[in-house]
Amino acid sequence: MSGKSEMKFNQKLADSLGADERGMRSYMLIILKTGPQDALITDKKQREELFKGHFSNMNEMEKAGQLKLAGPFATKNNLGYRGIFLLDVKTEAEARDLLQNDPTVKTGIFNVEILPWYGSAAIPMHLQYHKKIAKDTP
């Protein structure tokens, strides 16, 4: 036995996911960082509304097929990193345009770093399973 998985290569699936010969593809990795207005916007209702818009924008990007992965960091860190998005867009400009629809980015609660990232083309497949295991989502 070769030690390799018994799963067979599936060209149709690879093509549908935009995979290259390694099963990989390019995305834009967004790092959400604490922005300059985060400490200044202290009104609880205002913050609730801004974060409601943040989650709404995430839902819209997912519905449009642009958001493939998202989540906050599990602990505070000294880099000010708060969360990530993995976007299925070709350019940094496209990513910036999408992020301008997020009120937490627009108001400066978050700053963003945008980096081209090369990862598994199968990453988007997790979304169908996540919906089946999450009882409550924002």
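Me: Which residue in S3 is the bridge partner of Met28?

Reply: In this model, which is predicted, the bridge partner of Met28 in S3 is Leu87. The pairing of S1 and S3 runs in the antiparallel sense and extends over six bridges.

Me: What makes S1 and S4 count as paired strands?

Reply: Two strands are taken to pair if there are at least two bridges between them, and strand S1 (residues 24-34) has eleven bridges with S4, in the antiparallel sense; therefore the two strands count as a pair. Among the positions along this pairing, Ile30 has Ile114 as its bridge partner in S4, while Thr34 stands opposite Phe110.

Me: Why are S2 and S4 said to stand at the edges?

Reply: The open sheet has four strands in the order S2-S3-S1-S4, with antiparallel pairing. Strand S2 (67-72) and strand S4 (110-120) each have a single partner strand, so one side of each is left without a neighbour in the sheet. From one strand to the next, the twist averages 20 degrees.

Me: Why is Leu29 called buried?

Reply: The cut-off for buried is under 20% relative accessible area, and Leu29, which lies in strand S1, has a relative accessibility of 18%, so Leu29 counts as buried. With neighbours within four places in sequence left aside, the residues in contact with Leu29 are Ile84, Phe85, Leu86, Glu113, Ile114, Leu115 and Trp117.

Me: What span is expected for H2 at 1.5 Å a residue, and what span does H2 reach?

Reply: For the 20 residues of H2 the expected span is 28 Å, and the helix reaches 29 Å from its first C-alpha to its last, which is close to that expectation.

Me: Why are the buried residues of H2 said to line one face of the helix?

Reply: The buried residues of H2 are Leu50, Phe51, Gly53, His54, Asn57, Met58 and Met61. When one looks down the axis of H2, these buried residues fall within an arc of 150 degrees, so they line one face. The cover over them includes S1, S2, S3, H3, helix H4 (103-106) and S4, whereas the face turned away from the buried side carries the exposed residues Lys44, Lys45, Glu49, Lys52 and Lys63.

Me: What makes Asp43 a cap of the N-terminal end of H2?

Reply: A side-chain oxygen of Asp43 lies 3.3 Å from the backbone nitrogen of Lys45, and a polar contact needs N or O atoms within 3.5 Å. Just after H2, Gly65 takes a positive phi of about 80 degrees.

Me: Is Thr104 buried or exposed, and how do you know?

Reply: Thr104, whose place is in helix H4, has 0% relative accessibility and therefore counts as buried, the cut-off being under 20%. Beyond its neighbours within four places in sequence, Thr104 is in contact with Leu50, Phe51, His54, Ile109 and Phe110.

Me: What makes the pairing of the side chains of Thr104 and Asp102 a polar contact?

Reply: The distance for this contact is 2.5 Å, and the limit for a polar contact is 3.5 Å between N or O atoms.

Note on methods:
Residues numbered from 1 in each chain as written. Predicted model: local features only at pLDDT ≥ 70, side-chain atom pairs only at ≥ 80, totals over all residues. Heavy atoms only, no water. Axes fitted to C-alpha atoms, helices over the stretch in contact; angles between N-to-C directions. Expected span 1.5 Å × (residues − 1). Buried < 20%, exposed > 50% of the residue type's maximum accessible area, 1.4 Å probe, protein only. Arc of directions from axis to C-beta. Contact = heavy atoms within 4.5 Å. Polar contact = N/O pair within 3.5 Å; in protein donor to acceptor, adjacent residues only side chain to side chain.
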